[in-house]
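Please walk through the structure shown here, beginning with a loop and moving on to the packing of helices.

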Amino acid sequence: MHAAVRGVSEWYLEKAKDVKNRLGLFRRRNEAPGGHPGSKANRGLKLLRPTPEEALKWGESLEKLLQHKHGLASFRAFLHTEFNEENLEFWLACEDYKKIKSQSKMVSKAKKIFAEYVTVQSCKEVNLDSYTRELTKENVQKVTRGCFDLAQRRIYGLMEKDPYPRFLRSELYLDLVNQKKPSPPQP
């Protein structure tokens, strides 16, 4: 039994290391060693990394964080390191759901979202109170564009109260906010 637990722990540590390595793209300086500031590779790195001013705006609200492509990517990476990304995935799935035009596609997508995130003991179950879960179940029986609205608001509130403040205190976020501007290239 202990060997199995140790094996699972080692797996989680490896996953965390993998995520940390992937985050290295955000943490790299804007200029690669030996590169020219105008080179294509450096422009690509610059695009990957938000400015400290952009990152500071994410601290104003969860909404501003989620609206910014780098903010969303950084928050998702942070949640992944905590094995806690299902709430964000659910929220994003609901946002995509609201954009669906076809009624038949809405029905199909609503059933998928419900099965994946709302059903008790589903693989990505989000933390909803029984009233919200039951109301969402009823709403999915008569699909409308707003059938996940209450559940989505509850999950947004949970993210706003718990992982969002932790993200703002995380090394990942603080590194982005406190990054130094690259020094000009030496001739």
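H68 sits in the loop that joins helix 5 (62–67) to helix 6 (69–81), where helices are DSSP runs of H or I with at least four residues, numbered from the N terminus. This is a predicted model, in which local features need pLDDT of at least 70 and side-chain atom pairs count only at pLDDT 80 or more, while totals for chains, interfaces and linings use all residues. Residues are numbered from 1 along each chain as its sequence is written, and side-chain values use heavy atoms, with hydrogens and water left out.

A polar atom of the H68 side chain lies 3.1 Å from the backbone nitrogen of H70. When neighbours within four places in sequence are set aside, H68 is in contact (heavy atoms within 4.5 Å) with P50, E54 and W58.

Further along, helix 8 (residues 103–118) has M106, A110, I113, F114, Y117 and V118 buried, that is, under 20% relative accessible area with a 1.4 Å probe and protein chains only. Because these buried residues fall within an arc of 100° when seen down the axis of helix 8, they line one face of the helix, the arc being that of the directions from the helix axis to the C-beta atoms. The face turned away from this buried side carries S104, K105 and K111, which are exposed (over 50%). The cover over the buried residues of helix 8 includes helix 7 (86–98) and helix 9.

Helix 9 (residues 130–141) in turn packs with helix 10 (residues 149–161) at an angle of about 145°, their axes 8 Å apart; axes are lines fitted to C-alpha atoms over the stretch in contact, and angles run from 0 to 180 degrees between N-to-C directions. Helix 9 contributes Y131, T132, L135 and T136 to the contact, and helix 10 contributes L150, A151 and R154.

Definitions and conventions
Helix = DSSP H or I, 4+ residues; strand = E, 2+ residues; numbered from the N terminus. Polar contact = N/O pair within 3.5 Å; in protein donor to acceptor, adjacent residues only side chain to side chain.
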